[in-house]
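Here is a short briefing on the pockets of one protein model. Look over the sequence and structure, then read the points below.

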Amino acid sequence: MRSEIISQEKNKISIRVEYEAGEFAQNIEKAVRKIAQSVTVPGFRKGMIPRRIIEMRFGRQAIYSEALDSMLPNTIDQVVSDYELDIIDSPKVSVETMEEGKPLQVALNFEVTPEIQTPELSEISVVKTIPPVTDDMLRQTIDDIRRQNTNLVAVDGRNGTERDVVEIDYVTTVFSKEDVEENRHESAPASVDLEAENLRREIREALVGVRPGVTAIADVHIEDDYSDKDLAGKKVRYEMTVRAIKEKQLPEMSADFFKAALGEDIQDEDSFRNAIRERLARKIEADAQAKVEAEAVETLSERSIFDVPPSLVEKQVLSMKEQDEETLKKKYNRSVSEFLEESSLSKDEYDSNIRSQAEKIVRRTLVLDEMAKRFGIKVEKEEMEGEISNLAVMYRVPAEQIKRTLFKDRERLSDLLSKIRYRKTVEAVMKNVTVSESVPSAEEATDRDPSGTTSD
């Protein structure tokens, strides 16, 4: 086998491969034997079908194609190795000459990773903003933790308030847009938190001030653009019989509460507050680090000079659309087309947005792959073991079970390796960019929530 480059433009390269006539002939004979073993022809035993019969039934070109197909995998691997190609897709094969008794010539058209010109990392400057943990942050976080651990206690002798949880049995009746009853559902139990932000106003107003044993009625007019088309634009009547009213009681600041909240044995309130403050500080630091890393990588990607391969963008677009379809189907039982019909976003706008996102993702991925090569980033066995251990703790399963699952699913294993490689590459990049730290004023810090993001 001989090969030579016949053309090269940007990230596309064509290589001609020529097989000697004798090598092609040997593979033709192998192809005939393979076809004879795999087909049934009346009057002949399997594997004993003469070539002329095979040619009559399937054609000579079918034999040639079978021979070529058996030769190509090793050929492609050899060419990729010989020319040190970093391919991004399987090559397209063009047959130039294919005639028995003569050399076989094919052109392999590869798409390879483009040459990427990156900026000097030292020229990239980012600011890491680390807001301090304020007393307001600490108080809000502790209040949130207490609310998350609220106890519900049944109360007697009073009406429900906007702060209560009401246990009800309810019946729903759906009316058409013409106010004609369409269907009535059987009674079902429910627990209604009257403080919930997503609770319909009509339901909250109907239940506030009601005692156990009383039936309250709420008519809810559903929006025309509601996701469930069977209900959009219609009226739904809720007949709600109150079974019990439960009052929310915040837990006392005690050792039992501290243990439930943090999983640690903490005896006094000051120690609990200090532990929460430390956790807030670590979270703010981690969020700030993640934000500055994202900014540095985005700047590196934007300043790098190269042509993004359209084929990779198309693959990314397809992947993102498939993910959208799956998510919408699972959450709302809607297709993307149905979602777009119900929203203000047109199909052209959706396609444009997703293509723009896809191009950014592909660009960023290629740049980080290039940086990984330059830094010689490799995933070591210990790092893989550590990641598996972390997953085992997260999912509360034995590490060996996760390991067996990964090695059975090569795609998931590859994703895990890519995740580790990506993280190591970003760490290497951050060691070489210029990072300055900034602490916002006390006034600015007060306007931030515990996650470190500015509140509205």
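Helices (H or I, at least four residues) and strands (E, at least two) are DSSP runs, numbered from the N terminus. This is a predicted model: local features need pLDDT of at least 70, side-chain atom pairs count only at pLDDT 80 or more, and totals for chains, interfaces and linings use all residues. Residues are numbered from 1 along each chain as its sequence is written, and side-chain values use heavy atoms, with hydrogens and water left out.

**Terms for pockets**
- On a 1 Å grid over the protein atoms alone, a pocket is an open set of points where a 1.4 Å probe fits, with protein on both sides within 12 Å along at least five of seven lines; lining residues have an atom within 4 Å of a point.
- Points are joined across faces, edges and corners, and a volume is the space filled by probe spheres set on them.

**Largest pocket**
- The largest pocket holds about 580 Å³ of space.
- Its lining has 14 residues, with Thr-365, Ser-414, Asp-415, Ser-418 and Lys-419 nearest the centre.
- α10 (347-375) and α13 (410-430) each give at least two lining residues.
- α13 supplies the largest share, 9 residues.

**Second largest pocket**
- The volume of the second largest pocket is about 400 Å³.
- Of its 15 lining residues, Ile-88, Leu-312, Thr-365, Leu-366 and Asp-369 are closest to the centre.
- α8 (310-332) and α10 each contribute two or more residues to this lining.
- The largest share, 6 residues, comes from α10.
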